[in-house]
Amino acid sequence: MKTYKNIYKKIYSKKNLILAWRKARKRKTKKDYVLEFEGDLICNINELHEELKNQIYLPRKLEDFIVRDPKTRKISKSHFRDRIIHHAICNIIEPIFDKTFIYGNCANRKGKGNLFAIKRFNSFSQKVSKNGKTIGWFNENQIKGYCFKADIKHYFQNVDHQVLINILKRKINDKQMVWLIKVVLEREPQSSINRKGMPLGNLTSQFFANVYLNELDQFVKHKLKTKYYIRYVDDFVLLHSSKEQLENWKKEIEKFLNEKLKLELHTDKSKIINLSRGIDFVGFKNFYHYRLLRKRNIKNIERKISLFNQEKINEDKFLEIWQGWSAYSDWSNNYGLKKRLIESFKSS
């Protein structure tokens, strides 16, 4: 396996830090914290450069806040200067690892995402079920095809730092680079790592999450030799015509996650389901020939419309929310729903 040495210097090069700053400020150019940093841009970039070069960099305290969309989650917001460091890290090491990822890894990757995952799921569903073909002459409900729909329990909270470091060190043979990764993970320099968890909202957390579960992807594709597998962050699906085969794979996956990655499947959310019932995946309930939005997604936009009608959200903010939701919902069969929703705020 090829390893990479002497990459730390690339992280703190001023060229990389300037590129990282440009990425970190994207769509945030009017924010106060961005304007403050850019008030003395050269000095601040030089300061980051020197801190990294001399290995005295320490992240600032995270700002935590609760998001309900409608699922309640704690999001941790990093200081702007730390976000620049996150981009600087990913600029250099993400390309190293991305080439090792499987094609069906759809999260936080260029050219992938929700739409890619949905199209791939639909293709797999049609192949496994033979386009929803019925079996027998009289029973039209007897459809081939099953899906093991899996969810990892409290994934971001349970990522084991030492396991992650060991995975990263297989490709990165640079002590200074490993030091910086530990600092970002632990938020303070340590000689040993025995902690768990990564904050939701950090760019590095998204990247490390992909690196960590790439171990699962490789196991599923190359050890179990599954053909129809897709993963989006910590949600993943396996499709097959045999329910028994999926049950066997489920047991193997549970064992692998527990022994190798110190993770568990979410019991209530990890099930083998007949494809004809529709599968919840990447925000939609996917059937053979159509897909519907999840109920919580609909309730969320209805709540935003209600707030707009009550003048608790201004027109510009609501327009931004609506345009994003509308583009997303167009991936589903939703004409009647969208028409009803438009009428509910046109009359206000």
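Reply: Helices (H or I, at least four residues) and strands (E, at least two) are DSSP runs, numbered from the N terminus. This is a predicted model, in which local features need pLDDT of at least 70 and side-chain atom pairs count only at pLDDT 80 or more, while totals for chains, interfaces and linings use all residues. Residues are numbered from 1 along each chain as its sequence is written, and side-chain values use heavy atoms, with hydrogens and water left out.

Me: Ok, where does K285 sit?

Reply: K285 belongs to strand β8, which covers residues 284-286.

Me: And how many salt bridges are there?

Reply: Counting each side-chain nitrogen of Lys or Arg within 4 Å of a carboxyl oxygen of Asp or Glu, the model has 11 salt bridges. One of them joins D160 to K262, with the closest N and O atoms 3.7 Å apart. That pair links distant parts of the chain, 102 residues apart.

Me: Is D160 buried or exposed?

Reply: D160 is buried, at a relative accessible area of 7%, whereas K262 is partly exposed at 45%; buried means under 20%, exposed over 50%, and partly exposed in between (1.4 Å probe, protein chains only).

Me: Switching topic, how many disulfides?

Reply: The count comes to 0 disulfides, a disulfide being a pair of cysteine sulfur atoms within 2.5 Å.
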